[in-house]
Structures are given as structure tokens and as C-alpha cells.
Amino acid sequence: MHFWNNSKKTVSLVCDVGSASITLALVDFSQVKPLIHFSIRIPIAVQPNYDLNLLEKSVLIYVDEALRNLESNRKSGGLFDIANLDIDIAHIIFSSPWYASKIVLDKQANERPITLDHKFFDQILDSKERTFENEIISSPKTRILGSIHAIERELLQVKLNGYVTNDPLMKKATDISSSILISVVSHDLFIKISNKIKDQLHINHIFAHSFPFVAWSALSLISKHEDTYVMLDIAGEMTDIVTVKDGVIEKIYSIELGRNALIRALAVKLDCPIEVAISNLSLYSADKLDEQMKKRVDEALSAYMTIWRFKIEEGGGARLFAVNDSRKFFATIDDDVALPFISTLKNSIGDEKVVFQITSSIIGDILGYNKHVARDPFIAIEAIFIKKLYKELLQ
């Protein structure tokens, strides 16, 4: 497999698939820093009532629209001047509800030391992957994902005889403990999106990733000195929570409350259409509402955020928000709803200095942008991850 051809200006396609938007970007990974040449983000309309089937149809419609926009710019040169770019690889990053992930532990105690070769770890990964797939098939999650497609099986950490070992291959040990990430996505949705990309852009190499794993991996470069934290992806229909300890993912879980549910709750409280609720939320964030409307919005947000916080604590433990000097909170979230969610996190923890919204300023100069490309922290995180992935594969 090749990642870029030095005789041409080749780039990779990054496709972010969530429940609030579809984003496409063209990224050059051939230099030290990833360079984003093109980016387009298309919001998915908030449904008055959450319907997964309608949401999936919307995702496919907006993927088509984004691809047409990309091809139009490539053919015309356009504002982004990308006519000379050749696309050879695509990466699709799935957010909730389109994926499922689990952290599993494998512990083995042997009477005699055994040699840890590729076969040893492959057998563990195969076994854990099969077990997780069977769990998904027999759980309510199968109603969302349908048939599943395995995308990640990562050895996050290996301990030999109680000690963390960065390079366990061909070493010997009696006690082996492995922390493993297994992720799957909806096979049907992955194939449909992949076929659209292949048909439109004629790309054969298409890979899929889960956003929590991507974000965790990128954070190791964005915030190099942080190793114990909570990461929240507050997306359209859901919030994904990742707890990290000593640099390793402990747990990944989701709650079915996010940006869109907040907007729907506000629309009900104000007895208004979705579009009016979104407008009022924007005015609220800009402190431009009159006192009467501000009070009504405050009441609606307070009621919603109480439930949101409870659901997060229910999944992660009551002490998740306990003040802990060694734990920070990082959140990816759209700016239009950032204020109530970030404020709730700060109030829940009681220390606003440990809560960070991941923005372009926090990401810094790890990557670059061509002119006219809007800064998008989600695409930036994904580009940082893919660059790291390419670097590891070429070592």
C-alpha cells in the first residue's frame, strides 16, 4: 500500500460522519505537518422527533452533497484551488450512533514463562473481537448498527509480570495483562458511504475509525503532558465519554443526549419550531435575549442539563465529576451549544480551570491550513490522528 506518490500532489480524503453534520476535507500528509487544502461542513437538520432511519437517510444525502461540492471545486479550481490534487486514500471517521467500542482486559497467569510473539497477541485479539461482536449481535445496539464491520482492535497497554512494557514482542513472562480496544461500525452504512466515495472519486483504499479512539490518540500530541482525563464528544444525538488514566483508555460509553436533544427540549419548553429554538439558543449564547426570554431559556437549559449530568454520572460513576487535581476534562462540541454544556461541566466539577473546549487555539500549530479553509477542530483532530497513523506504519 502507498500513502502518497511524490511525483504528484496527492492528498487523503477525511470524511467525518456524525449525527449533526457531514464534513469532508482534503489533507496533505507528505510534509512534517498535515496541511488541509479543502474542507466543507454540511449541517444535518435537527429532527423534531429523533428517528434513526431518517437520520441515516439524511447522512447519505449530505454525503452526496458534500462529494458533489468537492468535485465541483476540483473541476473548476474554485476558491480553494484544488484542481491539481490527486486523492488516493479515504478515511471515514464515525461518531455516535454509528459505531460501538469497548475496552476489554485479558489476564493470563502461567506456571512457566512463555514467549510473546505475534501469534500470541493475534489469538487474544481474535478472541476478544469475536466476543464483542457476539455481544453486539445479542444487544439492543444491533437495532442501530445492523450487521457490523470491525474497524479497530488495538493493544492499548501490555503489562508483563506487573510492569508496563512498550515493546512486549518476543519477550518472556508468566503473568501477562493486556488492555484492548475493540470497535465496530454499521457495515451497511460503511459500505454505502464507501461506494459513494469510490463512485465519485475513484478511490480504492478506504479505512474506517471511531471518533473516540481518534480523539484520544490525537490528544496525546495536542496535550502531551496530560495522562489522566475525561474526554467528551458532545455530538448531535449523543454524548460519548472516554475516561483515561495514566495515558490509557479505561472506559468508553455513550448517553443518548446531545446537542439535538437540547434543541428539541428547548423547542418544547418555548412552544416554538426547531429553527426558532436554535435562533434563541444563539441569541442566549451571545447574551442578546430580553430578560423574560432569557429566564425561560435558563429554565429549559437547567432542566435538560440536570438530566444530562445525571446520565453521564450514571454511566461513569458518581465520582466522575469529583474535584481531582490530576484529572482534566476535554470536550469537543459545536460552538452554538458550547456555552450551556461547558458551563454545566465547570459547575459540576467546581473548578473551571480543569475544563477545556477543544478549539483551534488549543490544537495550536500542529497542522496547517491553506487560505480560505475554515478552522474545524474536528477535522484537525482527525488529521493529527491520521498523520500519527501514517508515521507509525512507515516506521
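**Close-up views of the predicted model**

The structure holds three cavities of 30 Å³ or more. The model shown in every view is predicted.

**View 1. The largest cavity and its lining.** The space inside the largest cavity comes to about 140 Å³. Its lining consists of 15 residues, and those nearest the centre are Asp16, Ser21, Arg41, Ala235 and Phe378. Two strands, β2 (21-28) and β10 (229-234), each contribute at least two residues to the lining of the largest cavity. By residue class, the lining comprises four nonpolar, six polar and five charged residues.

**View 2. An edge-to-face aromatic pair between phenylalanine 29 and tyrosine 390.** Eleven aromatic pairs are counted in the model. Phenylalanine 29 counts as buried because its relative accessibility is 2%. Tyrosine 390 is likewise buried, with a relative accessible area of 1%.

**View 3. The pair of tyrosine 304 and phenylalanine 341.** The ring centres of tyrosine 304 and phenylalanine 341 are 6.3 Å apart and their planes stand at 90 degrees, so this pair is edge-to-face. Because tyrosine 304 lies in helix α8 (residues 291-316) and phenylalanine 341 in helix α9 (residues 338-349), the pair ties together parts that are 37 residues apart in sequence. Tyrosine 304 is buried at 7% relative accessibility, and phenylalanine 341 is buried at a relative accessible area of 0%.

**View 4. An aromatic cluster and a lysine over a ring.** One aromatic cluster is formed by Phe213, Trp216 and Phe385. In a separate close-up, lysine 251 lies over the face of tyrosine 253, at 5.1 Å from the ring centre.

**View 5. Two buried cysteines.** Cysteine 15 has 0% relative accessibility and therefore counts as buried. Cysteine 272 is also buried, with a relative accessible area of 17%, which is under the 20% limit for burial. The structure holds zero disulfides.

**View 6. Isoleucine 44 in a loop.** Isoleucine 44 is placed in the loop between β3 and α1 (52-76). Despite this loop position, isoleucine 44 is buried, with a relative accessible area of 3%. The C-alpha atoms of isoleucine 44 and isoleucine 136 are 27 Å apart, and 92 residues separate the two along the chain.

**View 7. A cis peptide bond at proline 97.** Serine 96 and proline 97 are joined by a cis peptide bond, with omega at about 10 degrees. Proline 97 is part of the loop between β4 (86-94) and β5 (99-115).

**View 8. Positive phi at aspartate 271 and histidine 372.** Aspartate 271, a residue other than glycine, has a positive phi near 55 degrees. Aspartate 271 is found in the loop between α6 (259-270) and α7 (274-285). Its relative accessible area is 72%, over the 50% limit, so aspartate 271 is exposed. Histidine 372, which is not a glycine, has a positive phi of about 75 degrees. Histidine 372 occupies the loop between β15 (368-369) and α11. At 45% relative accessibility, histidine 372 is partly exposed.

Conventions. Residues numbered from 1 in each chain as written. Predicted model: local features only at pLDDT ≥ 70, side-chain atom pairs only at ≥ 80, totals over all residues. Heavy atoms only, no water. 1 Å grid on protein atoms, 1.4 Å probe; cavity = no way out; pocket = protein on both sides within 12 Å on 5 of 7 lines; lining within 4 Å. Points joined across faces, edges and corners; volume = space filled by probe spheres on them. Helix = DSSP H or I, 4+ residues; strand = E, 2+ residues; numbered from the N terminus. Nonpolar A, V, L, I, M, F, W, Y, C, P; charged D, E, K, R; others polar. Disulfide = S-S within 2.5 Å. Buried < 20%, exposed > 50% of the residue type's maximum accessible area, 1.4 Å probe, protein only. Phe/Tyr/Trp six-rings, centres within 6.5 Å; stacked < 30°, edge-to-face > 60°. Lys NZ or Arg CZ within 6 Å of the ring centre and 35° of its normal.
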